[in-house]
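User: Could you walk me through the fold I'm about to paste in? I'd like to start with the strands and then move to the helices.

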Amino acid sequence: MTLSERMNSNRGAATPPQPTGSLVGRGPANPLSNQEIGKLKQWLITRVSATFEDPSELKNNEATRKEIQQRLQEAYTSTRVNLPESARAELMKDVLNEFFGFGPIQPLLDDPTVNEVMVNGPDRVYVERKGKLQLTPVKFDGDDHVRRIIDRIILPLGRRVDAESPLVDARLPDGSRVNAVIPPVAIDGSSITIRKFSTKRLVVDDLIAFGSMTPQIAEFLRACVVSRLNIVVSGGTGSGKTTLLNVLSGFIPEDERIVTIEDAAELQLSQDHVVRLEAKKSNLDGKGEVTIRDLVKNALRMRPERIVVGECRGGEALDMLQAMNTGHDGSLTTLHSNAPRDAISRMETMSLMAGLDFPLKVIREQIASAVELIVQQSRLRDGSRKITYITEVAGMEGDTVVLQDIFKFTEEGQDKEGKVIGQMRPTGLRPIFTPKLDAAGFHLPPEIFGGGAASMLREPRLKR
């Protein structure tokens with residue numbers, strides 16, 4: 001039975017009451033309040049929903065949308081409300097988003113300037129634009145409305161959320177990451193956080209244009225990746241770690257076999273020989289979970305030439321270190337920390353989470369022999385994202401992992417618009433791994449590491 005036939009067959013079914021008399025005949029001369037608009041929208045949704053059997057079965061295609069639009073227009077006409085054309089179009093769009101999109105937040109998801117959408121309850125919806133958080137005028141009808149949108153997001157993905165399992169992580173078909181939290185865990189109402197997936201694959205030239213790195217730093221990092229250094233990208237939440245990891249992964253030569261491991265697939269490698277692995281959550285019975293650690297162990301049996309782990313969060317850090325120490329050089333990963341020294345502490349802590357009774361000194365020795373470079377990515381107070389440190393792991397001295405900064409971002413103030421001004425400066429220390437770069441054919445002029453900021457700005461591209 002077609003949608004139209006189902007609609008017609010349900011005309012005799014019980015239908016919702018007409019809008020209250022206060023709405024009838026209202027128009028530009030006597031406009032509706034926001035509250036009245038909300039009531040009208042809810043009535044239209046209920047009225048149209050009553051004309052077919054199961055709204056959740058609607059397919060988001062052109063034919064179905066046209067039929068819904070027709071039925072919606074008929075329902076609207078029956079109210080005798082005469083809204084201005086712009087307000088009527090906005091109302092119709094909002095109702096369609098309830099059927100085929102994610103309700104009030106769909107326009108935010110469609111906005112290319114929005115990087116992240118954060119619902120902190122029915123009345124507080126924030127977005128991130130250019131690294132800055134902004135409160136939007138978007139509102140839900142209530143917590144039940146937020147819960148309906150959460151179900152709309154996660155049910156097609158085979159996930160569920162309820163009082164017994166009030167937390168859920170999911171990935172939308174376009175790759176966007178979703179986290180939802182409901183009461184009793186979320187005290188002030190259900191919460192949704194969506195980190196949008198960029199449809200455009202950013203490349204190194206984009207990061208240079210954004211000011212995240214200089215052309216010289218890009219060339220230096222390219223030399224390090226091609227020369228098979230083990231690199232950790234460190235940074236805080238939302239600092240751009242995954243984007244930088246994606247760009248660094250793009251430097252891997254085409255003729256190498258790459259295995260990527262992620263909790264939620266975000267990396268967009270352009271090479272042909274890539275095997276992508278993604279962790280799996282447990283099913284409703286609590287079975288079938290496949291963790292990042294399981295995937296790292298399995299990747300070692302897949303003859304990888306490069307292992308790229310989207311993010312180390314737990315015991316898989318120890319497996320990653322052991323992989324780096326057993327011939328899988330050139331591996332890349334990210335982790336959460338605010339400075340290179342903090343990154344070492346995080347790796348120690350995560351390695352201990354593996355449950356093996358290793359002395360701390362042994363773990364530090366593993367880190368010192370496995371990791372060669374830490375690239376610190378930071379989000380500055382103006383919202384910009386930049387590489388702030390490039391730090392070499394220089395070995396062990398006693399019980400301490402020795403670090404030496406090769407390049408460091410020096411802040412010099414801010415301009416009239418509040419934008420941070422600064423430069424990536426060399427520290428004057430030449431990295432110990434320079435012979436490894438030379439062996440790969442990258443010959444770095446000594447002045448790159450010790451001529452001050454000016455030499456970095458004028459330094460020619462590395463010779464290979």
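**Strand pairing and helix packing**

Analyst: Starting with the strands, Tyr126 has Leu135 in β3 as its bridge partner; helices (H or I, at least four residues) and strands (E, at least two) are DSSP runs numbered from the N terminus. This is a predicted model, in which local features need pLDDT of at least 70 and side-chain atom pairs count only at pLDDT 80 or more, while totals for chains, interfaces and linings use all residues. Residues are numbered from 1 along each chain as its sequence is written, and side-chain values use heavy atoms, with hydrogens and water left out.

User: How many bridges join β2 and β3?

Analyst: Strand β2 (residues 125-129) pairs with β3 over four bridges, in the antiparallel sense, where pairing requires that DSSP finds at least two bridges between two strands.

User: And in what order do the strands of the sheet run?

Analyst: The order is β3-β2-β1-β6-β5-β4, six strands in an open sheet with antiparallel pairing. Because β3 (132-135) and β4 (167-171) stand at the edges with a single partner strand each, one side of each is left without a neighbour in the sheet.

User: Switching to helices, which residues of α2 and α4 make the contact?

Analyst: Helix α2 (residues 34-49) and helix α4 (residues 85-100) pack with their axes 10 Å apart, at an angle of about 50° (axes are lines fitted to C-alpha atoms, for helices over the stretch in contact, and angles run from 0 to 180 degrees between N-to-C directions). The contact, meaning heavy atoms within 4.5 Å, involves Ile37, Leu40, Lys41, Leu44, Ile45, Val48 and Ser49 of α2 with Leu91, Asp94, Val95, Glu98 and Phe99 of α4.
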